[in-house]
Amino acid sequence: MALFLLVLVVCLVIFGGMIALLMLSGTPRYRTEPEHLLELFDKALESRVGETEWNTIIGYPIRHDDYLDGIRRRAQRLMDEHGRHGRVTRGKPLLDTIGQEELAALRDHLAAHTSLQRRQD
């Protein structure tokens, strides 16, 4: 009987500790900054990005900055219009030629906006 109570107490302590740990820890949040998008756009223009990385960053909404979310939505639209599933695995760029040009323009616009914001701060 003493062994049963000892095992029960140990199990309750372990489960209680795990529940307390899960209740006290917060949900991890990923905060997309302009540098993340610029790095992703550079990789896409150099054909060094995979579809998974692109979809992970571009598919995650940016709630803290409406301007960045607009840029993200434009990039997502570019993929929808000028990208094809499986292009990267076949050794082709993520976007077609027109999409590459529009992404380069979007990247330059974001870089200019970011540098202007930094100078004002």
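The model is a predicted one.

Helix α1 covers residues 2-24, and V7 is found in it. V7 belongs to a nonpolar patch on the surface, together with L3, L6, V10, I14, M18 and L21. Together these residues have about 680 Å² of accessible area. V7 itself has a relative accessible area of 45%, so it counts as partly exposed. An α-helix has 3.6 residues a turn, so residues three or four places apart point the same way. The numbering of the patch can be read with that in mind.

Which residues of α2 are buried? They are P34, L37, L38, L40, F41, K43 and A44. Their cover includes α3, α4 (66-82) and α5 (97-120). K43 is a charged member of a salt bridge, yet it is in this buried set. Its relative accessibility is 18%, and buried means under 20%, so K43 counts as buried.

K43 pairs with E53. Their side chains meet in a salt bridge, 3.0 Å from N to O. E53 has 30% relative accessibility, so it counts as partly exposed.

Past the end of α2, the backbone shows a marked feature. S47 follows the helix, and its phi is positive, near 60 degrees. The side chains of E46 and R48 meet in a salt bridge at 2.6 Å, N to O. E46 is partly exposed, with a relative accessible area of 49%. R48, at 53% relative accessibility, counts as exposed.

Another salt bridge involves R31 and E33. Their side chains meet at 2.8 Å, N to O. E33 has a relative accessible area of 26%, which makes it partly exposed.

How many salt bridges does the whole structure hold? A search finds 9. Those described here include R31 with E33, K43 with E53 and E46 with R48.

Notes
Residues numbered from 1 in each chain as written. Predicted model: local features only at pLDDT ≥ 70, side-chain atom pairs only at ≥ 80, totals over all residues. Heavy atoms only, no water. Patch = residues over 30% accessible without salt bridge, like charges linked within 9 Å, V, L, I, M, F, W, Y side chains within 5 Å. Areas by Shrake-Rupley, 256 points an atom, 1.4 Å probe, with all protein chains shown as cover. Salt bridge = Lys/Arg side-chain N within 4 Å of Asp/Glu carboxyl O. Helix = DSSP H or I, 4+ residues; strand = E, 2+ residues; numbered from the N terminus. Buried < 20%, exposed > 50% of the residue type's maximum accessible area, 1.4 Å probe, protein only. Contact = heavy atoms within 4.5 Å.
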